[in-house]
Amino acid sequence: MSVAVAVAFPNIALIKYWGDRDADLHLPVNGSISMNLAGLTARSQASLEPHLAQDELILNGERVEGDGLVRVIAFLDRVRALAGVEERFRVVSANNFPTAAGIASSAAAFAALSLAATTACGLRLGEAELSRLARLGSGSACRSVPGGFVEWHMGVDHASSYATSFAPPEHWDLRDHIALVSEAGKAVSSRQGHLLASSSPLQEGRLLGVTERLGRCRSAILAKDFAALAEVVEQDSLLMHAVMMTSSPPLFYWAPATLRVLSAVRQWRSEGAPVCATIDAGPNVHVLAPGEWAEWVVEQLQGVPGVKQVLSAAPGGPAHLEM
Ligand code: PMV
């Protein structure tokens, strides 16, 4: 086979990855936990093209050049080395959600591309091997390879750093309602952000408690204990943002409407609604709630000034080939 199409979902980090111990291999300074987001898809078609002199990337109908292309070529070089092929690829990718809006578009994209490109070369990688490969494109992409609720084991080297699923999507109907307050791309990429993490005096404190938070988060998901999940998810997200805001130079990803949504979520929770909030490297707020609260949460979020759109997702499956 020299052409393959794969689909992967983005993921929302419930315990965050922030900081690399090896920026080249994307080996993280801590483990992390996430949930895949069903319905939001990155679809990638990879074909080997013997006549091409250089890899080509078309994203959402437009040819990508510059840094974006350089990053994908570096990744495809790794695929070529693994498969022992020399030909260039044509990659045609499309997301059905806004790119660079803090919805981990690169995670879904590299998970889908890992599967499509290796399959086009005739390789059949197992899940762990695919997860390691996806990590080389974008760290958090390793978590979009397995399905459902996923943990990225930080590891000590390339072989030991990959993600596995600890509960399937149908384990718990938890929903992520993404309050979009801005669709603008981020000013500082997470890639650059990871390099700044160690410059914050708070990073050490964040890392001291992360093993305990990983345990609490995993247990809360396995027990479907929303109150316990809410507490650890919000604390972990705010710890990461405190690190971001106190690094040199400081990184502020929030917009005024971000804070409005955070305050509203705290208010609703104090009134008895099972909701909590988490934010990745962008201004949009991911509001988690059990499935039976979905309609109510969306309606409330749409009433918060500055919220332009709400995207909702249930737990998603693994990266897979499209036949
Ligand atoms: O995989 P990257 O380099 O895009 O980093 C992701 C960083 C966060 O989204 C902020 C946290 C996470 O664990 O996904």
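**Loops and an open sheet**

Trainee: In which loop does His 26 lie?

Mentor: His 26 is found in the loop that separates strand 3 (20-22) from strand 4 (27-28). Helices (H or I, at least four residues) and strands (E, at least two) are DSSP runs, numbered from the N terminus. This is a predicted model, in which local features need pLDDT of at least 70 and side-chain atom pairs count only at pLDDT 80 or more, while totals for chains, interfaces and linings use all residues. Residues are numbered from 1 along each chain as its sequence is written, and side-chain values use heavy atoms, with hydrogens and water left out.

Trainee: Why is His 26 called buried?

Mentor: Buried means under 20% relative accessible area, exposed over 50%, and partly exposed in between (1.4 Å probe, protein chains only). The relative accessible area of His 26 is 6%, so His 26 counts as buried.

Trainee: What is the phi of His 26, and what is that of Lys 224?

Mentor: His 26 has a positive phi of about 55° although it is not a glycine; for Lys 224, also not a glycine, phi is positive at about 50°. Most residues other than glycine have a negative phi.

Trainee: Which peptide bond is cis?

Mentor: The bond joining Ser 248 and Pro 249 is cis, with omega of about -5°. Pro 249 sits in the loop between helix 7 (226-245) and helix 8 (256-270).

Trainee: How do you know that strand 12 and strand 14 pair?

Mentor: Two strands pair if DSSP finds at least two bridges between them. Strand 12 (residues 174-180) and strand 14 (residues 285-290) are joined by 6 bridges and run antiparallel, so they pair. Leu 174 has Pro 290 as its bridge partner in strand 14, and Asp 176 stands opposite Leu 288.

Trainee: What is the order of the 4 strands in the open sheet?

Mentor: The order is 13-14-12-15, with antiparallel pairing. Strand 13 (276-278) and strand 15 (309-313) are at the edges; each has a single partner strand, so one side of each lacks a neighbour in the sheet.
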